[in-house]
Amino acid sequence: MQLDDRDELVTYAADDGVATLTLNSDANRNALSTPLMRQLIDHLTAAADDESVRAVVLTHAGRVFSSGADLKETAAARQAGEVPAALLTDVLATMWSYDKPIIASVKGPARAGGIGLIAAADIAVCAAEATFAFTEVRIGVVPAVISATVLPRLSPRDATELYLTGAVFDGRRAERIGLVTRAVPSVDVDIAVAGYTEDLVRGAPKAVSGAKRLLRAGRDDIGDELARLAQTSAGFFLSEEGREGVAAYKEKRDPVWVPKKS
């Protein structure tokens, strides 16, 4: 499916001091295409500029929160030596340095770059049934860019296991390892998110922003770190393994490095 900036890939609604940004590209499982990421940044900017907005909820339409990078777009752009997912650095930098609290509301699966968005949020609520995976190594690349927001959340042992294996884990484990704040039954996600927004709007705006700066102390500006990680990511996406991994994913087959069973 061809996407462009005219499609409403992220919707925006504001009410009672809360702006809700909804990833709205269900047809490709809310993959992080260039148009979607541009719209997400635009809506985050609009919410930041609106004095009536006190908190932001990032949620999703459809079954999947986000499948990560748009691999079809990546494969097409790579012919010109480009990696469009590099725009993810701008999204994560915007979320990380945001003055207003951001809550991620996750009712379905998240993979790769989608997990980076969740980790960049201040508070994250997920369905216990939701699944997560750092699938990058299985397509010949590495979770470089998202490491800027993910690694501060996870214990070193959990990060090592999950980065190296690409294994799937559920919402309960996501809560235990610090990726999300709370994992609840799927029917209770909206209730839990509403509870957080009600608490957040009771805080004085400048005080909440100041508290966020305290929490980011020492890593308030991660722009340089993200730029370095983007170069690492691009190198792997443009590598021989990266090309084979993306091709295998598109063709629904194992890449050549997977041993054949005897």
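Arg 29 is partly exposed, at 39% relative accessible area. Here buried means under 20% relative accessible area, exposed means over 50%, and partly exposed lies in between, with a 1.4 Å probe and protein chains only. This is a predicted model, in which local features need pLDDT of at least 70 and side-chain atom pairs count only at pLDDT 80 or more, while totals for chains, interfaces and linings use all residues. Residues are numbered from 1 along each chain as its sequence is written, and side-chain values use heavy atoms, with hydrogens and water left out.

**Backbone**

Arg 29 sits in the loop between β2 (18-23) and α1 (34-49). Helices (H or I, at least four residues) and strands (E, at least two) are DSSP runs, numbered from the N terminus. Arg 29 is not a glycine, yet its phi is positive, at about 60°. Most residues other than glycine have a negative phi. Ala 112 also has a positive phi, near 45°. Ala 112 lies in the loop between β5 (110-111) and α4. Ala 112 is buried, with a relative accessible area of 9%.

Another loop residue is Ser 67, placed between β3 (55-60) and α2 (71-78). Ser 67 counts as buried at 18% relative accessibility.

**Salt bridges**

How many salt bridges does a search of the whole structure find? The search finds eight. A salt bridge is a side-chain nitrogen of Lys or Arg within 4 Å of a carboxyl oxygen of Asp or Glu. Among them are these pairs:

| Pair | Closest N to O |
|---|---|
| Asp 122 and Lys 212 | 2.9 Å |
| Arg 173 and Glu 161 | 2.8 Å |

Asp 122 and Lys 212 form a salt bridge that links distant parts of the chain, 90 residues apart. Asp 122 is in the loop between α4 (113-120) and β6 (123-127), and Lys 212 is in helix α9 (residues 205-215). Asp 122 is partly exposed, at 30% relative accessible area. Lys 212 is buried, at 6%.

Arg 173 and Glu 161 also form a salt bridge. Arg 173 lies in helix α7 (residues 171-176) and Glu 161 in helix α6 (residues 156-165), so this pair ties together parts 12 residues apart in sequence. Arg 173 is buried at 17% relative accessibility, and Glu 161 is partly exposed at 36%. Asp 158 joins Glu 161 and Arg 173 in a network of salt bridges.

**Helix packing**

Two packed helices are described by the angle and the distance between their axes. The axes of helix α3 (residues 88-96) and α4 come within 9 Å and cross at roughly 15°. That makes α3 roughly parallel to α4. The term covers angles under 35 degrees. Axes are lines fitted to C-alpha atoms, for helices over the stretch in contact, and angles run from 0 to 180 degrees between N-to-C directions.

**Surface**

Val 256, Trp 257 and Val 258 form a nonpolar surface patch, with about 270 Å² of accessible area together. Patches are made of residues with over 30% relative accessible area and no salt bridge; like charges are joined within 9 Å and nonpolar side chains (Val, Leu, Ile, Met, Phe, Trp, Tyr) within 5 Å. Accessible areas come from the Shrake-Rupley method with a 1.4 Å probe; for residues, only the protein chains shown count as cover. Trp 257 lies in the segment after α11 (240-251). Trp 257 is partly exposed, at 33% relative accessibility.

Technical notes. Angles under 35 degrees count as roughly parallel, over 145 as roughly antiparallel, 65 to 115 as roughly perpendicular and the rest as oblique.
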